[in-house]
Amino acid sequence: MTAIWAGIDAGKTHHHCVVIDDTGKRLLSRRVANDESELFKLLGDVLDLGDDATWGIDLADGGAALVIAVLLNHGQPLLYIPGRAVNRASEGYRGDGKTDAKDAAVIADQARIRRDLTPLRSGDELVSELKVLTRHRRDLSDDRTRTINRLRGHLTEIFPVLERELDLGNIGPLVLLTGYQTPASIRRAGRRRLATWLRNRKVRSADELAAKAVQAAEGQHTTVPGEDMTAHVVHSLAREVMALNEKIAETDKLIEGRFRRHRNADVISSMPGIGVLLGAEFLAATGGDMSAFASADRLASFAGVSPVPRDSGKVSGNLHRPTRYSRRLQRVFYTSALISIRCCDESRRFYDRKRAEGKRHSQAVMALARRRVNVLWALLRDGRCYEPIPSVTLAA
């Protein structure tokens, strides 16, 4: 059997593929379109060069999704090499220039000589859907944050007192701004009429919100230049935020439905502090299959909650935060640790103990997150749900 290695420098519209043999000799170098027929032709040409091919690629999703699917569907072994690792490795190869062909050759050679690269596998359909949905929800949430910030900026220009009083993360103030944006319009409506208008739109605490808005309006009688047009923009942005809230709520329902269908959903959600959304993020980042992680230490390293050494010469025992890890998975463990401090006595005791040892808040939360990685990894390995440790009562 002839062993060959194929490296793919992936892009949005085109990929570059370089194939080498066991001596590093280049057998093929080609730029191919990100098109199914072109990728099938490339696959056939590569397999004609050798019947034992190993592939490497520097992207795991996005524009590389089609070529990954083609290779995995045809049973081809595929290794993932992060782009950052490719850039660093290329410094050890001849030449200072950077081209797609050189990057593809580096990927192929790294796939040939390294034994610690992560293999890509065909994902569970539920996990694939959760990846899409959680990414879409994150985009919607970012859009909502940006829109709220723009809304606050425009409202501050014409009505700063009201901007300080309103919590635009709630639906009531947004409904108010779809109808009334200026001090004069709120004064004309009056407290009673404004409260009735809000109640008709099913706003909670309508009387309190109306009183707050009228009080703010009574404190400003100056008309700002461009007020009418700014008010129109505020009205549009408030409706946009409400529409984004509805889209996020719809996406949350889709996420929950798919998360509940996963075989490990009950195990993951049994952990204090991990609900549907964080559980879905965990599945999207790891696939929920701990066979990809030989130990809890590997999972902690991937999540970025385990310090790594930085020793040199006489300096030893120097630990620092890792630079290569899954940001979304670290957020899952850090956020769930924060939540568990409030709802789990065991987590609270662990956090208080770390604080008593002199650790800062963030350090204590990170230590708790690391501890929770061990617990969740073991639960998934054994297929059992979390059970709180009963408190021990000393006999009198």
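**Figure 1. Buried residues of helix α15 in the predicted model.** In this predicted model, the buried residues of α15 are S347, F350, Y351 and K354. Seen down the axis of α15, these buried residues fall within an arc of 100°, so they line one face of the helix. An α-helix has 3.6 residues a turn, so residues three or four places apart point the same way. On the face turned away from the buried side, α15 carries the exposed residues D345 and A356.

**Figure 2. Length and end of helix α15.** Helix α15 comprises 12 residues, 345-356. Just after the helix, G358 takes a positive phi of about 100°.

**Figure 3. The salt bridge between E357 and K354.** The closest N and O atoms of E357 and K354 are 3.6 Å apart, and the two residues form a salt bridge. K354 counts as buried because its relative accessibility is 17%, under the cut-off of 20%. E357, at 49% relative accessibility, counts as partly exposed.

**Figure 4. Length and end of helix α16.** The 22 residues of α16 should span 32 Å at 1.5 Å a residue. The end C-alpha atoms of α16 are 32 Å apart, in agreement with this expectation. G383 follows α16 and has a positive phi, near 65°.

**Figure 5. Further salt bridges.** A search of the whole structure finds 18 salt bridges. One of these joins the side chains of D207 and R199, at 2.6 Å from N to O. D207 is partly exposed, with a relative accessible area of 43%, and R199 is partly exposed at 44%. In helix α10 (residues 227-261), R260 and E256 are 4 residues apart, which means that about one helical turn separates them. The side chains of R260 and E256 meet in a salt bridge of 3.9 Å, N to O. R260 has a relative accessible area of 44% and is partly exposed; E256 is partly exposed at 36%. R138, E281 and R328 are linked in a network of salt bridges.

**Figure 6. The setting of the close-up views.** The protein has 16 helices and 8 strands. Its radius of gyration is 28 Å, well over the 21 Å that the globule rule gives for 396 residues, so the protein is more spread out than a compact globule. Of the 396 residues, 44% count as buried.

Methods:
Residues are numbered from 1 along each chain as its sequence is written. This is a predicted model: local features need pLDDT of at least 70, side-chain atom pairs count only at pLDDT 80 or more; totals for chains, interfaces and linings use all residues. Side-chain values use heavy atoms; hydrogens and water are left out. Helices (H or I, at least four residues) and strands (E, at least two) are DSSP runs, numbered from the N terminus. The expected span of a helix is 1.5 Å times one less than its number of residues. Buried means under 20% relative accessible area, exposed over 50%, partly exposed in between (1.4 Å probe, protein chains only). The arc is that of the directions from the helix axis to the C-beta atoms. The radius of gyration is taken over C-alpha atoms; the globule rule is 2.2 Å times the number of residues to the power 0.38. A salt bridge is a side-chain nitrogen of Lys or Arg within 4 Å of a carboxyl oxygen of Asp or Glu.
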